[in-house]
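Here are some notes to read alongside the model. Have the sequence and the 3D view open as you go through the points.

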Amino acid sequence: VVFGPGFFHEGYAEIPMERIDTVEDVIVREESPTGVVTFKRVDCCPAYYLPDTFSVARTTSNISVTWGFEPSSNERRIFLLEYIARGVPRVYNDPTPAASNQQLWWLAVGPEVTKVAPVRHAFVTLRLPAPVPLDRVVIGQNDALGDPRAHTRDGQVWFWQADDLDRGARLEIRLQFPPLVPAIKPQWQERDDQRR
């Protein structure tokens, strides 16, 4: 985060839950020249967040993570947000094995973020459990399909990039591939498929 003039002491992130079953093990850290500081989780929503603390709250549609840090002005700081998202892959089992697939759609940078400030560089890296054949992959970024060869070197590690995301812009990635892991259809998938 590049802070301008002013007095900044809190950060936040919203994790949209419409295509995730659960989020677990949330961790907030700050990377600094002297090392990485792991923040302490506190009960939700104090009036003022002490430095190096964070809380997690669930709303009807999001997981909201808020953290406090030493006041900042006119400087660059790096915050790391980590969590485990369960029930993310779409699962389509077809009687014809060649038609079965699994899909990952991930909103890496949402419009609620770019509404607050531009995102100059965004990167997404996805590591599958095993390589997949490129001719059996469908890949996309936002609403456009792409060439799988432009997003991987080995069929196992995939990457996306977006630069200069201004107000309202987003970075959403999509990868469809042959089934790799035994997975069940997530709770949200049927509802989302009907809506689409």
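Which residues do ring pairs link into a cluster? Phe3, Phe8, Trp67, Phe69 and Phe79 are the ones joined in this way. The points below start with a word on the model and then come back to these rings.

1. What you are looking at. This is a predicted model, in which local features need pLDDT of at least 70 and side-chain atom pairs count only at pLDDT 80 or more, while totals for chains, interfaces and linings use all residues. Numbering runs from 1 along each chain as its sequence is written, and side-chain values use heavy atoms, with hydrogens and water left out.

2. The aromatic rings. Four aromatic pairs turn up in a search of the whole structure. The rings of phenylalanine 3 and phenylalanine 8 have centres 5.3 Å apart and planes at 35°, so this pair is tilted. (Rings of Phe, Tyr and Trp, the last by its six-membered ring, pair if their centres lie within 6.5 Å; planes under 30 degrees apart are stacked, over 60 edge-to-face, and the rest tilted.) Phenylalanine 3 is buried at 11% relative accessibility, whereas phenylalanine 8 is partly exposed at 32%. (Buried means under 20% relative accessible area, exposed over 50%, and partly exposed in between, with a 1.4 Å probe and protein chains only.)

3. A second tilted pair. Phenylalanine 69 and phenylalanine 79 are 4.9 Å apart centre to centre, with 40° between the planes. Phenylalanine 69 is in strand β6 and phenylalanine 79 in strand β7 (residues 78-86), so the pair ties together parts ten residues apart in sequence.

4. The core. The largest nonpolar core holds 35 residues, and Val65, Trp67, Trp158 and Leu175 have the most contacts inside it. (Such a core is a set of buried Ala, Val, Leu, Ile, Met, Phe, Trp, Tyr and Cys residues joined through side-chain atoms within 4.5 Å.) Elements giving two or more residues to this core include β1 (8-16), β6 (62-72) and β13 (157-165).

5. The disulfide. One disulfide is found in the whole structure. Cysteine 44 and cysteine 45 form it, with sulfur atoms 2.0 Å apart (the cut-off is within 2.5 Å). Cysteine 44 is partly exposed, at 37% relative accessibility.

6. Backbone angles to check. Asparagine 142, in the loop between β11 (138-141) and β12 (144-146), has a positive phi near 55°. Aspartate 164 lies in strand β13, and its phi is also positive, near 55°.

Methods:
Helices (H or I, at least four residues) and strands (E, at least two) are DSSP runs, numbered from the N terminus.
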